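This report describes the disulfides of one structure. The sequence and the model are shown first.

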Amino acid sequence: MPIFLVLASCGEPARVAPPTNLVTVPKVAPSASAPPLVVTPEKPRPTGDFVLVVVSRDKHPLFVHAAGERAIVSMGTGLWGSATKGKKPTADASLGAGLPTSGENHVQSLGGHWPDVAVVHGAKQSIHYGGAEPQLFANRGGRFVLDPNKLEEVPRGVRRTGEDTFVFVPTPSHYQDGAQAVLERPSCKGKARRDALVMVSRGATSRPTPKVPATFFMQSMADDGDGRPWAVGADVCAPGAYVGMLADAQANVTVERIPGSDGCRTLDEAEGVVLTHAHVFPAATGLYALLVNQAPSLGENVPTTGPCVEPPKLLRRDKSGVWSAPRALPPVSHAYVDSAGTYWGFTAKSTLLRVAESGATKELVVGPACLSPLGENDRTGRPLVVDEREPFASLVVPFPDQPMIVVRYQDGARGLCTVEP
């Protein structure tokens with residue numbers, strides 16, 4: 001079964017309402033057209049570059065979380081350890097001091113710049129499912145402290161800046177009922193603002209929630225290079241992908257359209273917004289936005305030509321608000337952009353593709369040391385063998401040229417593999 005990212009195909013554009021006047025169109029650097037993709041093919045590096053660091057054999061997943069100058073590895077109910085730039089991951093269970101040491105829940109998400117981070121601790125996908133309720137913890141003085149504010153839904157992300165914890169808590173039907181239903185069909189000419197789907201907490205105090213344009217449809221939350229949280233989403237009245245900084249909990253959020261993201265006008269019938277989505281990553285300063293055309297969630301209105309099937313494009317927004325010209329990139333699965341602007345992802349051959357800003361391309365082979373590690377067994381005592389249907393659970397490149405892969409094995413075990421620095 002192929003593991004590469006399948007781009008949506010494109011057909012006749014759907015009718016879209018006139019652009020709303022609630023959207024700020026940012027400054028763009030000259031020549032915003034996407035240059036042709038130029039790559040320099042190189043032979044794949046030999047196997048053995050990746051090494052197995054640790055295996056999770058219990059029911060709790062293993063995750064890697066980029067957290068500023070540290071990459072945090074969670075496993076079981078707490079934190080296994082961390083890695084820093086140029087150093088391989090090492091075990092240090094004391095990093096998770098204050099988190100539960102038993103129970104159903106595990107670390108679902110972690111956000112912020114270490115040590116100023118927060119954790120969503122849970123296991124279920126929706127609040128009305130059976131099981132332990134999700135909890136929010138913030139690291140204060142080297143120890144995680146339970147946030148007293150009740151979570152009304154299972155969060156889809158968490159970020160931390162200063163003393164404030166930002167938690168993205170969409171309703172269970174947020175992605176299924178469509179943006180128009182969620183927003184109660186706002187007028188595209190209106191200037192009203194509404195609360196974002198973000199809870200803001202400062203310890204025992206519930207902070208005022210950010211206000212976003214009434215037509216903004218939030219899809220995810222991300223950090224920039226300074227650790228400031230951003231809302232990422234779309235607009236139900238104007239095509240394109242949008243971002244807006246959330247750093248001031250009491251202020252109105254100004255969302256801006258990412259240049260070149262408004263070409264595709266085919267709507268996803270579930271979300272009610274266009275198929276072009278933005279995936280945002282922190283840059284050394286500013287942020288990177290990777291524009292990817294998604295397949296329709298309902299499998300209908302699948303486009304076959306036009307801007308809805310263009311390859312991914314990468315742009316950088318500097319701290320002054322100026323966007324770079326877009327850079328066209330090949331489609332991959334588990335796409336990730338490191339802070340130097342290098343693009344990573346898995347190919348259909350299960351190799352790891354690396355595309356530098358110059359366009360130079362390498363394929364790294366993930367060899368037997370990680371896919372079938374000798375001397376490692378699953379829960380039943382059998383040797384670990386990679387799950388060929390979905391071999392890779394995640395890819396995080398927290399520091400330039402330091403990819404960290406979570407490999408999925410048969411029988412549910414997971415392993416952390418990294419390239420030796």
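## The link of C370 and C417

The link of C370 and C417 is left-handed, with -130° about the S-S bond. The model is predicted, and in it the sulfur atoms of C370 and C417 are 2.3 Å apart. That distance makes the pair a disulfide because the sulfur atoms of two cysteines need to be within 2.5 Å.

C370 and C417 are both buried.

How many disulfides does the structure hold? There are two. Besides the link of C370 and C417, a disulfide joins C264 to C308, with an S to S distance of 2.0 Å. The link of C264 and C308 is right-handed, at 95° about the S-S bond.

This pair connects distant parts of the chain, 44 residues apart. C264 sits in the loop between strand 19 (256–257) and strand 20 (276–282). C308 sits in the loop between strand 21 (287–293) and strand 22 (313–317).

## Burial of C264 and C308

Are C264 and C308 buried or exposed? C264 has a relative accessible area of 1% and is buried. C308 is also buried, at 1% relative accessibility. Both residues count as buried because the term applies under 20% relative accessible area.

Note on methods:
Residues are numbered from 1 along each chain as its sequence is written. This is a predicted model: local features need pLDDT of at least 70, side-chain atom pairs count only at pLDDT 80 or more; totals for chains, interfaces and linings use all residues. Side-chain values use heavy atoms; hydrogens and water are left out. Helices (H or I, at least four residues) and strands (E, at least two) are DSSP runs, numbered from the N terminus. Buried means under 20% relative accessible area, exposed over 50%, partly exposed in between (1.4 Å probe, protein chains only).
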